[in-house]
Amino acid sequence: MKTNTRLNRRDVVARLLADRGDLLVVSGLGSATYDCAAAGDDHRNFYLWGAMGGTASLSLGLALAQPDKPVLGITGDGDLLMGLGALTTIGAQAPANLSIVVLDNEVYGETGAQPSATAHGIDLTAIARACRIKALDEITEMDGVEALAKRLHVGDGPLFANIKISADEVEKVLPSRDGAYLRDRFRAALLGDAA
Ligand SMILES: Cc1ncc(C[n+]2csc(CCOP(=O)(O)OP(=O)(O)O)c2C)c(N)n1
């Protein structure tokens, strides 16, 4: 059923990570990181606390290094817009195991909700398609999130999805901010004794 209410970011991320299997997750600075932590901290989450614009490129590197594992880069529209060039490299390299998901609230929420380019109609889905990335139609309903959650594991990417979410502020859920710790536990979870 269609609704006029924007999706809640916590509901969206909780659904995407509910049956995560061996999904490796890179989350963008700020809100996307809080959402992933709220869904349940996991050693296979790599939280980007800084490096605005870096989520898509870091996810690409991880996907190329770990071609047998599904990789999800999940971030805000502001973060993706800052590193938009990464989409061209993702399209050129075409890692089948990579998905980039944008939580598009059309603002730079963390710094006071200044409107981003998507508030002015700039179409990230069209940009991803121009980069030869398999972009789903823009998602505005939980049914679409449900379908996306399954696609993350299929391995026929690179996949892109822009999800329109509410710009309402939600409670901050802060995981560790110790970069060395986050790196080491991620490596150990992924590589075991070889880490
Ligand atoms: C290079 C750089 N510029 C600016 C900032 C300040 N900053 C932190 S979060 C943020 C907004 C992020 O917006 P978005 O990715 O859309 O996430 P939202 O908080 O809206 O979910 C900004 C501008 C930063 N951390 N790094």
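Predicted model: local features only at pLDDT ≥ 70, side-chain atom pairs only at ≥ 80, totals over all residues.
# Salt bridges and a buried strand

Visitor: What is a salt bridge?

Guide: Side chains of opposite charge can pair when their charged atoms come close. The term is used here for a side-chain nitrogen of Lys or Arg within 4 Å of a carboxyl oxygen of Asp or Glu.

Visitor: How many salt bridges does a search of the whole structure find?

Guide: The search finds 14 salt bridges. One of them joins Glu 106 to Arg 6, where the closest N and O atoms are 3.4 Å apart. Glu 106 lies in the loop between β4 (98-104) and β5 (107-108), whereas Arg 6 lies in the segment before α1 (9-18), so the pair ties together parts that are 100 residues apart in sequence. The helices (H or I, at least four residues) and strands (E, at least two) are DSSP runs, numbered from the N terminus.

Visitor: Which residue meets Glu 106 in a salt bridge of 2.6 Å, N to O?

Guide: That residue is Lys 164. The pair links distant parts of the chain, as Lys 164 is in strand β8 (residues 159-164) and Glu 106 is in the loop between β4 and β5, 58 residues apart. A network of salt bridges links Arg 6, Asp 104, Glu 106 and Lys 164.

Visitor: Are Lys 164 and Glu 106 buried or exposed?

Guide: Both are buried, a word that means under 20% relative accessible area, while exposed means over 50% and partly exposed lies in between (1.4 Å probe, protein chains only). For Glu 106 the relative accessible area is 18%, whereas Arg 6 is partly exposed at 37%. In the opening pair, Arg 129 is partly exposed at 40%, and Asp 137 is exposed at 57%.

Visitor: Why is strand β3 described as largely enclosed by the rest of the structure?

Guide: Six of the six residues of β3 (residues 71-76) are buried, so the strand is largely enclosed. Val 71, Gly 73 and Thr 75 point one way, and Leu 72, Ile 74 and Gly 76 the other way.

Visitor: Which strands pair with β3 in the parallel sense?

Guide: Two strands pair if DSSP finds at least two bridges between them. Strand β1 (residues 24-27) pairs with β3 in the parallel sense over four bridges, and Val 26 stands opposite Gly 73. Strand β4 also pairs with β3 in the parallel sense, over six bridges, with Leu 98 in β4 as the bridge partner of Val 71.

Note on methods. Residues numbered from 1 in each chain as written. Heavy atoms only, no water.
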